[in-house]
Amino acid sequence: MTDQNSFQTATRTGISRRTFLQVTAAGVVTATALGASGLKARAAAYEKFTWISPRGTLEVLDDYPYWAAKKAGYFDGLSTDMQPGPSDGTATVKFVDVGQADMGFPSPGVFSFAIQNGMKLKSVFHMGARDTFSIAFRKGEGTNDLKKLEGKTILLGSAAWQSITDPLLAAQGVDIKKVKYVEAGWPTWGTALAGGQGDAALSWEGLRAEWIAKGLDFEYWLGVKNSKLPANTFVVRAADLEDPDKKAFLEKYLRGWAMGLEFGYQNPRAAVEAVFEQFPTLAKNLGPELGTTSILQQINVFRGDMDKRGGWGSHDMASWQGFFDEIHKIGQITNPVKAEDVCTNELIPAANDFDKAKVKADADSVKLTEGFAALDVEKIKAHLFDSAVK
């Protein structure tokens with residue numbers, strides 16, 4: 001996507017702050033139209049807390065914890081906003097860095113781009129405990145040995161996604177210098193693969209089900225089954241953690257997300273319905289069964305091995321350190337990074353300080369609509385990974 005297209009996308013999708021920031025391919029964010037006065041620091045805490053998506057749209061099930069929590073009143077009076085952002089893969093960190101949003105949701109690869117470019121951001125809530133990313137193949141062409149991708153072409157929705165794919169492949173022993181990437185466009189890169197372009201495409205949990213709804217029936221090498229790398233995380237400006245008012249706000253805000261995650265775990269179908277109420281077109285395109293399949297894939301990623309975690313959002317520092325070591329080895333970052341310097345669990349105890357029994361009671365009390373009530377969730381779970389390469 002060109003910078004001009006990024007500008008147009010963001011304008012259409014409602015970035016409404018006074019100064020719009022243009023995202024450039026070099027990682028530079030420039031103020032346009034209204035001058036730089038909008039970059040001045042805002043008041044203590046947050047007038048309206050803005051979360052920005054990494055994917056250019058909110059019409060997906062990925063953000064179900066927010067919509068479920070909002071519907072249940074778990075944000076407890078906080079003024080919050082969700083923005084789709086441009087589909088430029090790095091906008092989710094650039095906008096946070098310069099104060100045009102307050103929290104981003106980058107993949108580890110895009111987070112490393114922020115670190116490499118000197119953005120003073122910190123990961124405060126690790127959503128993706130398991131690796132969400134996967135490699136899609138046309139049926140009959142898949143492999144569980146990713147080294148066979150050497151000499152082949154992988155399609156991406158954004159050129160920035162190379163920062164996701166390179167470490168994933170390198171960790172599987174692939175010589176990434178022998179892999180070719182093609183930016184096939186958002187949201188058309190999956191369609192391009194189905195149409196015969198390239199040899200494989202980057203995908204992720206949740207999207208697998210959404211692609212089926214679009215008639216894109218692939219087979220997958222699944223990171224959630226084969227990779228030890230971490231997945232997407234919530235990042236904020238590191239300086240915000242030094243402000244007591246902002247830190248208190250962040251703890252309360254993340255508690256809302258944690259309660260939404262718990263709600264979805266207890267009643268996935270009710271969480272899907274909360275999203276569908278926000279986005280009727282998504283509901284029409286997916287329907288109850290594929291919607292529930294998508295959210296179950298993501299719950300598996302978000303929850304991870306909860307018995308070994310410090311609650312929703314807790315970072316596994318060993319996993320993050322392994323990621324940073326890997327990307328330093330392949331030259332994705334110039335200097336080594338210590339995970340504890342850029343990731344913190346200091347907000348996790350407060351974020352998880354809620355009444356889980358009440359959230360379970362809330363989730364269990366939801367009266368499902370007929371289409372969702374008729375679903376056999378255990379049957380869907382039993383077939384969750386049927387599309388994995390055999």
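A: The chain has 17 helices and 12 strands, where helices (H or I, at least four residues) and strands (E, at least two) are DSSP runs numbered from the N terminus. This is a predicted model, in which local features need pLDDT of at least 70 and side-chain atom pairs count only at pLDDT 80 or more, while totals for chains, interfaces and linings use all residues. Residues are numbered from 1 along each chain as its sequence is written, and side-chain values use heavy atoms, with hydrogens and water left out.

Q: What percentage of the residues count as buried?
A: Of the 390 residues in the chain, 58% count as buried. Buried means under 20% relative accessible area, exposed means over 50%, and partly exposed lies in between (1.4 Å probe, protein chains only).

Q: And what share of the contacts is between residues 24 or more positions apart?
A: Such pairs account for 80% of the contacts in the chain with a separation of 6 or more. A contact means heavy atoms within 4.5 Å.

Q: What is the volume of the largest cavity, and which residues lie nearest its centre?
A: The largest cavity has a volume of about 300 Å³. Its lining is made up of 20 residues, and Pro-54, Asp-62, Phe-133, Trp-204 and Asn-232 are the ones nearest the centre. Helix α11 (residues 280–303) gives the largest share of that lining, 3 residues.

Q: How does that lining divide by class?
A: The lining of the largest cavity has 11 nonpolar, 6 polar and 3 charged residues. Here Ala, Val, Leu, Ile, Met, Phe, Trp, Tyr, Cys and Pro count as nonpolar, Asp, Glu, Lys and Arg as charged, and the others, Gly among them, as polar.

Q: What about the second largest cavity: how much space, and which residues line it?
A: The second largest cavity holds about 60 Å³ of space. Its lining includes Pro-108, Gly-109, Asp-131, Phe-133, Ser-163 and Phe-323. The elements that give two or more residues to this lining are α4 (108–116) and α5 (162–171). The largest share, 4 residues, comes from α5. By class, the lining of the second largest cavity has 8 nonpolar, 2 polar and 1 charged.

Q: Why is α5 described as largely enclosed?
A: Because 8 of the 10 residues of α5 are buried, this helix is largely enclosed by the rest of the structure. Among the buried ones are Ser-163, Ile-164, Asp-166 and Leu-169.

Q: What follows α5?
A: Gly-173 follows α5, with a positive phi near 85°. The residue sits in the loop between α5 and β9 and is partly exposed, at a relative accessible area of 44%. Gly-173 touches Lys-147 and Glu-150, leaving aside residues up to four places away in sequence.

Q: Which residue other than glycine has a positive phi near 50°?
A: That is Asp-76, found in the loop between α2 (64–72) and β4 (80–83). Asp-76 is exposed, with a relative accessible area of 54%.

Q: Where is the cis peptide bond?
A: The bond from Trp-186 to Pro-187 is cis, with omega near 0°. Pro-187 lies in the loop between β9 (180–183) and α6 (189–194).

Q: Changing topic: how do α9 and α10 cross?
A: The axes of helix α9 (residues 244–266) and helix α10 (residues 268–278) come within 5 Å and cross at roughly 120°. Axes are lines fitted to C-alpha atoms, for helices over the stretch in contact, and angles run from 0 to 180 degrees between N-to-C directions. The two helices, α9 and α10, are therefore oblique to each other; angles under 35 degrees count as roughly parallel, over 145 as roughly antiparallel, 65 to 115 as roughly perpendicular and the rest as oblique.

Q: Which residues meet there?
A: Phe-263, Gly-264, Tyr-265 and Gln-266 of α9 meet Pro-268, Ala-270 and Ala-271 of α10.

Notes. 1 Å grid on protein atoms, 1.4 Å probe; cavity = no way out; pocket = protein on both sides within 12 Å on 5 of 7 lines; lining within 4 Å. Points joined across faces, edges and corners; volume = space filled by probe spheres on them.
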